[in-house]
Amino acid sequence: MQRLRMGMIGGGPGAFIGPVHRYAAEMDREIELVAGVFSSDAARGKAAADVYRVDPERAYPTLEAMFAAERERADGIDFVAIVSPNHHHLPAARAALAAGLPVMTDKPLTATLDEADELAGLVRAARLPFGVTYTYSGYPLVREARARVASGALGTVRKIVVEYPQGWLATEATGKQAEWRVDPARAGLGGCIGDIGVHAFHLAEFISGLKVVSLLADLGTVVPGRALDDDCTVLLRFDNGARGVLLASQIEVGERNGLRIRLYGDRGGLAWRQETPNMLELTKLDGRTEIVHAGSGQLGPDALARTRTPAGHPEGYLEAFANLYRDFAAQLRGEPAPLLPGLDDGLRGMAFIATAVSASRAGAGWVPLTV
């Protein structure tokens, strides 16, 4: 099977998520990074190409240059991955779609909801594959959790609690990764809510199969002088009547990447933690607890299809990311990939960010979430 050829937009020297996309995309040998506009600075772009082992002639200075040159090559790129800061997602995706190329983009979809609406129109008009890297939906046990809920293992879901605590922005932001995330010109409307809160939001909907219909948001800016939120509390109401709470913070000293979700139904409960991702805890109404292990015979087909190692051999963040790229590769080859987050997931995420930010700033109570 011929490997799909990827062009990367962003991911230059000092980037965190660019190398992650590269490792994940290439893990299953279905995709190869062959070209990119790695930086707006040509010299830095060439330096990134050297690190990625990409032909320096295919490290382009602009999007226009890459699309024009790759179009003329027999081995030109098959799709692009957008790994640049949020403000560049729309122009990069617009250019790629105009060049007839499918797109895989990092979350959130864009910097603002208006940009997301514009991009949605472009994607629908282009009728090309489009994926969004909500990474945690790629974990095998997250997919197992989704399947268990769908099968009725919890009964009717009544309560969802999802938390995403970090502490790395508890002081003044320094360094490339921190600086752009607290800059409205590059991050967009939301700070913490757009960086990690949207991951928690997507995870709650992905596992439960429910949709948030309204919310009450309290977004705070704790570090003096910061322009965007860094500490968030959001109450949620779902379309089946269930209630929820979403906590996201980047100022909780001592926290690393503590994403955790719990769902409670009228027949049982479920819990999963990103920092111990190879165990899923299911609690029965009679008090019994079942621990489901990654790679074990306890798993259903969705989880098994994206499991690489036997039980006891941990899989984690990179493998979950790689599962999304495996799904995207399947989609590019015309095969079904129903669990890959796409345009609708991206739109809902942007609507969540925009609604939470505007409601919090206005001091509003419960407001509807519409997409």
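1. A word on pairing first: two strands count as paired if DSSP finds at least two bridges between them. On that basis, this predicted model has an open sheet of nine strands in the order 13-12-11-10-6-9-8-7-14, with mixed pairing. Strand 13 and strand 14 are the edge strands, each pairing on one side only.

2. Let's start from the strand 13 end. Strand 12 (residues 276-284) and strand 13 (residues 289-293) pair in the antiparallel sense over five bridges.

3. Strand 7 (residues 212-220) and strand 8 (residues 231-238) run antiparallel and are joined by eight bridges; Asp218 is partnered by Thr233 in strand 8. Strand 7 is joined to strand 14 (residues 367-368) by two bridges, also antiparallel. Within that pairing, Ser214 has Pro368 of strand 14 as its partner.

4. Which strands does helix 6 touch as it packs on the sheet? Its contacts are with strand 6 (157-165), strand 10 (260-265), strand 11, strand 12 and strand 13, and its direction makes about 20 degrees with that of strand 12. Helix 6 (residues 140-150) is largely enclosed by the rest of the structure, because eight of its eleven residues are buried, a label that requires under 20% relative accessible area. Just after the helix, Gly152 takes a positive phi of about 95 degrees.

5. Helix 12 (residues 343-362) deserves a view of its own. It lies across strand 7, strand 8, strand 9 (243-249) and strand 14, and runs at about 50 degrees to strand 7.

6. Some backbone geometry to check, please. Most residues other than glycine have a negative phi, and most peptide bonds are trans. Arg29 has a positive phi near 60 degrees; this residue sits in the loop between helix 1 (17-26) and strand 2 (31-37) and is exposed, at 56% relative accessible area. Arg127 likewise has a positive phi, of about 55 degrees. Arg127 belongs to the loop between helix 5 and strand 5 (130-133), and its relative accessible area of 73% makes it exposed.

7. The bond runs from Lys107 to Pro108, with omega near -10 degrees.

8. Last, the surface. Tyr23, Met27 and Leu318 make a nonpolar patch of about 250 Å². Leu318 belongs to helix 11 (residues 317-332) and counts as partly exposed, at 30% relative accessibility.

How values were computed
Residues numbered from 1 in each chain as written. Predicted model: local features only at pLDDT ≥ 70, side-chain atom pairs only at ≥ 80, totals over all residues. Heavy atoms only, no water. Patch = residues over 30% accessible without salt bridge, like charges linked within 9 Å, V, L, I, M, F, W, Y side chains within 5 Å. Areas by Shrake-Rupley, 256 points an atom, 1.4 Å probe, with all protein chains shown as cover. Salt bridge = Lys/Arg side-chain N within 4 Å of Asp/Glu carboxyl O. Helix = DSSP H or I, 4+ residues; strand = E, 2+ residues; numbered from the N terminus. Buried < 20%, exposed > 50% of the residue type's maximum accessible area, 1.4 Å probe, protein only. Contact = heavy atoms within 4.5 Å. Axes fitted to C-alpha atoms, helices over the stretch in contact; angles between N-to-C directions.
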